[in-house]
Structure formats: structure tokens, C-alpha cells
Amino acid sequence: MTKSLNLSGISAHYGRTQVLKDLDLDVKAGELVSLLGASGCGKTTTLRLIAGFLQATGGQVLLDGQDISGVAAHRRDIGLVFQNYALFPHMSVADNVGFGLKQRGVAGPERGARVDEMLGKVGLDAFSDRLPAALSGGQKQRVALARALVIKPSLLLFDEPLSNLDAKLRVDMRVEIRELQRAHDITAIYVTHDQEEAFSISDRVAIMDAGQISQYDTPETLYRRPANAFVANFVGFETMIDLRVTGRSGGHVSVEGRGANFSLDENVWGSVPDAFTLGARADGLRVVEANESEGLPATLTVRTYLGRSYHYRAETPLGSVLANGPIDRHFSEGDQARLVLVPEQCCILPATA
Amino acid sequence: MRRYSPILAISAIAVFIFLLGPLVIVAAASVSNTEFLAFPPQGFSLRWFQNIFDVSAFGDTFLISLQIAVLSVFLSLLIGVPAAYAMSRFGFALPKALASFFVLPILVPQIVFGFSLLSAISVDFDLPVIPTLLIGHTIIVLPYSIRVVGASLATFDFSAEEAAISLGCPPVKAFFTIVLPNIRGGILAAFILAFITSLNNVPVSLFLTGPGVSTLPIQMLTYVENFFDPTVAALSVLLMVLTVLVMALVEKTLGLGYFVR
């Protein structure tokens, strides 16, 4: 039966260093949730804590409402998939996959049948007698996946499972992981530092920073409506501009920042607080001709060619920003231009100051 | 055809002569048909080989040496494998000096070590010779057990052990079913290296052997002090053959890479 997972008020320490601070996370039954963050943010610690290899110094780990904090790792019924596969080098593929069943006392014939079935699902039926050393990276990770799935665990944990594979295989494997997770209807936690990977396979993503969850939401919301500057930066809003409202009339809001004035339409932007930070991707600032009536005046400096468009570094009254220019209009470095905001590629964040 | 410079060739030959020369001399002297050690050998006789078996002390002390070697190596592995495991697995949480601490028995001059064991164990506790020898040898071979098993563990990926635990295997069982089979080669290599070390040891045994109870190397020393005939040379040849056989066995099963690595 598919189970839900709740972390409530989890703290963890390595010696005196606190690595997790009062962390909460709820994962619904059957969901695939990614923990996303740079190394050292606490995502792997969180995973190891759920697996039972680390003890929290505070808080509870609830599996379907039951506190498993005191349950030993080998009794937690959790499948783990590691970055470096962690196959048993001295056992054949079939013995690797059958190991968990053997521990559960599943008898030989039934075990063999279930191992064969699972190897079939990951496309490795022909490899059951091989030793792990004779497999490619992708095949090894499939064996690891089969080994974790065959015990029908209440929870499946992935620790950067695709980091050792090459780019093409990574994309194929993540689709495969998602399909298997759905097909078996197993709740899963997926740790990665790769934003694209996390967003592409997860129902929800928790972006972690310094032992806390910065924002926990669907990939779509995270990508478009980051809740704070850290998440905004993480999902590619490179330019941050501090602004304040100077006047409101009808749906139009006049804003000012470092002497530059412009207006935002609340019908497009949503409600605008009195003081805020505007986050913009490079695509959120479009370069137009200097003689246009709208937009922030700018001097273009460095130009980079991206194939579908140009990126410019632009000096504006608001500081140096990255902007996007059309492929068919070639501005030269040093040209005067104007920058127009593209609302879909911008976000409004709480004021940082 | 590759051509080697004459200097390289000459130095290589010199090294071989330096390494093998003494062994050849001993082997040649062992078959000398004289009452004293002679090189070049005069005549040919195997009677000194026969004499090894006539001197009962050699047989007796060889058995003691064998017994001490097997037991002390076994004990050193019993201590060394868990110690090496703990240092590889939890090394980050242990003091750095610990690894150095375990090689101390190699670093401390063995003659000093033998003497301190004599005063500490034999005199203060009045332990019989065999247990004293056993303790001494266990300590001197312990560094080999820890280092060789540790080298083997260094290449082992402990996440496999965690994988086993997550699959429902209790930690102790995971050690025996997952870790141990993968460091078997290292343990065997440690066994052989420690075994040879114990079998050859003189400085520590010298202090700990007592009246009537001795090890083979000490017995050989004693014999040479009293008789200068080629018996010891003959015995040395037998020991060399034994060592070569053991090494050949290791080479066949593991490859000597275990020692060179």
C-alpha cells in the first residue's frame, strides 16, 4: 500500500554544526518529490535521515502517520538507489536483485520468479548471471532500481542516481525512473542538484538552502512564481532590482528605483506591494531601439551569441543587467538602446532590504 | 629491438647479484661435504639436510614457531579487521593519530619492544613462554593486518553495505555477507604477510623465549653459536623453498599485486 511521508520539525547535527533546521516536509502517497539544492544544503542528510542511517536531533519522521524515528534502518522497508549504484560486487545481477527478498524470507522459486519479472521490467532479463563489473553504468543503475523496487518498499529514495551517467542516458533514465515509480505507485524522494532533472520528473520540488526548505511547490510555480530571492536566483532570475511604488492610479502602478521611473499594469503583473524586488531572467528584459517611447534607457556593453538570440550586458540607471535582443537586429557593443520588461519572464519578490 | 644503455644493464645485474648472491652462497654452502661452512663448497653431500631432522630441537621449535605464527596472525586479524573497518568506515569521526598509532609496533625498534615486553609481561606477570610469545607476536604482526586489510577496504564502496541494510539485512549480517566477501583477498594477503613476519621474527622472540621453549629462528641462532657446520645453511634452503612455495601459491590465487600495491 502506498504511504505518505511527513517530516516535522526535523533538526540534525554533525558534531556541533547544525545541518538541518526545523525542517518540515509533507509528501502525499504516490508523489515523487525532489530535494533540490547545492552541495551542503542538507538534501542528502535529509535522505539519510529518512533511510535511518542518521538520527535526527529533533523532530519526527512519520510514515503514514507513524513515527519511525526509532526504527532501525533495516526494518524501515525503504528502497534506496545510490549515485554510485552500490551493487554487491561479488553477486550476480539476479542475486543482487533477489537480496532483499531473501532477507524477507521469500523462498527460492518465488524469489526467482519475482527477480525475473523485475529484471524484465528494466530490460535486463538477459543479464541475470552477470557480475556487476560486466555492466555499463546505465545497466548498473537499472539493476539498482530493480533491486530497490522488487521488495515493494513503502518508500523509494534516490540519492543523485543519475549523476554518474552521461547526458543522453540521464534523460532516458529519468523518464524510466518516473514510469517505474508511477507504475508501482510508490512514494519517492529524489535528491539532486540538477534543476532540470528535478523539475522534469517531480510532482513537487523542495528547494533547499542552508538546512532549510526555501520553497516547496510544483515545478511550474517554482519556475514562474518563486517566493524569495534565493529560489528566484536558483531558477534563473539573474537580475534583481529593488523598487518602490510612488503612485497608483486605476490598474497602473508607478514605480521608482535609483532615479529610474516606469509603470506596471496590475492586470498583467498581479498585485504589486509598496516595496519589492523585481526579478528578471535575461529573457525578461528585451532590448529595443533607443527611439522607442517605452523602456529603461541603457548602454549595451558585452554581446554574446546564443543561436536563437543575443544576450547583452547593459548598463542602466538600475545597475548592470543581462538582457535579451532579437536575432534579426544586431546591436553593436556601445550602442544606446531601451530595455522593456517581459512580464512572463519576471517575478515580483518580497523586498530584500 | 629495444636497446638498453650499458649502464642500466650493469646496474640491473649488480642489483640482482646483490639480492640473490647471499642466497646462492648459502644454498651452495648447504651441500658442502665439510664439517664447517665453506664457500665455494667442497665436495657434495646432502648429509646436512639429513642432520636437520636428526637435531630434534629444530623440529620442536619449528612446530612452536608455526603454532605461534598461526595463532598470533589469527588474533591480529581478529583485532585488525574490526579496527581497519572502523577506521575506513568512521575514520572521519576518529582521531587522525589513530592510524599512526597502529603502525607503532613497526616503528619502535623491535629490540626495544622485545625488552619492554620481557619486563612488562614475563617478569611482572610471570606468564609462561608460549602465551608471552603469542602476545608479542600478535602485537608485531598487527600493523600488517590493519594496513593490508585497510588497503583492501579503501577500495570498497560502503554504500553497498548501506544498500544491504536498507534491503532488510541487519548491520552485523551485512558486514559478513557484503563487506567480508569483498575483502577476502586482502585478509588472505594480510594473513600470509603477517605469517611470514611472525615466522621470521628474531628481535622480539629473543627476549621472550625461555629455557626449553624457543622459536626456530632463535634455535638457529643458538645452533650457529655452538656448531659452525652447514646444517643451518641447509635449513635456510628449506625455509626459502617453503617461502617460494607460499609465494607461488599466492601469485596463483591472488597475484602478487596485493603486496606491491
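**Close-up views of chain A**

**View 1. A:Leu62 has A:Asp67 as its bridge partner in S5(A).** Helices (H or I, at least four residues) and strands (E, at least two) are DSSP runs, numbered from the N terminus. Strand S4 (residues 58–63) and S5(A) run antiparallel and are joined by 2 bridges; strands pair if DSSP finds at least two bridges between them. The open sheet here has 4 strands in the order S2-S1-S4-S5, with antiparallel pairing. Its edge strands, S2 (17–27) and S5 (66–67), each pair on one side only.

This is a predicted model: local features need pLDDT of at least 70, side-chain atom pairs count only at pLDDT 80 or more, and totals for chains, interfaces and linings use all residues. Residues are numbered from 1 along each chain as its sequence is written, while chains are lettered from A and ligands numbered from 1 in the order in which they are written.

View 2. A:Ala351 counts as partly exposed because it has 13 C-beta neighbours inside 10 Å (buried means 20 or more other C-beta atoms within 10 Å, exposed 12 or fewer, partly exposed in between; C-beta atoms are placed from the backbone). Leaving aside neighbours within four places in sequence, A:Ala351 is in contact with A:Asp242, A:Ala275, A:Phe276 and A:Thr277 (contact means C-beta atoms, placed from the backbone, within 7 Å). C-alpha to C-alpha, A:Ala351 and A:Val272 are 11 Å apart in space, yet 79 residues apart in sequence.

Methods:
Two residues are in contact if their C-beta atoms, placed from the backbone, lie within 7 Å.
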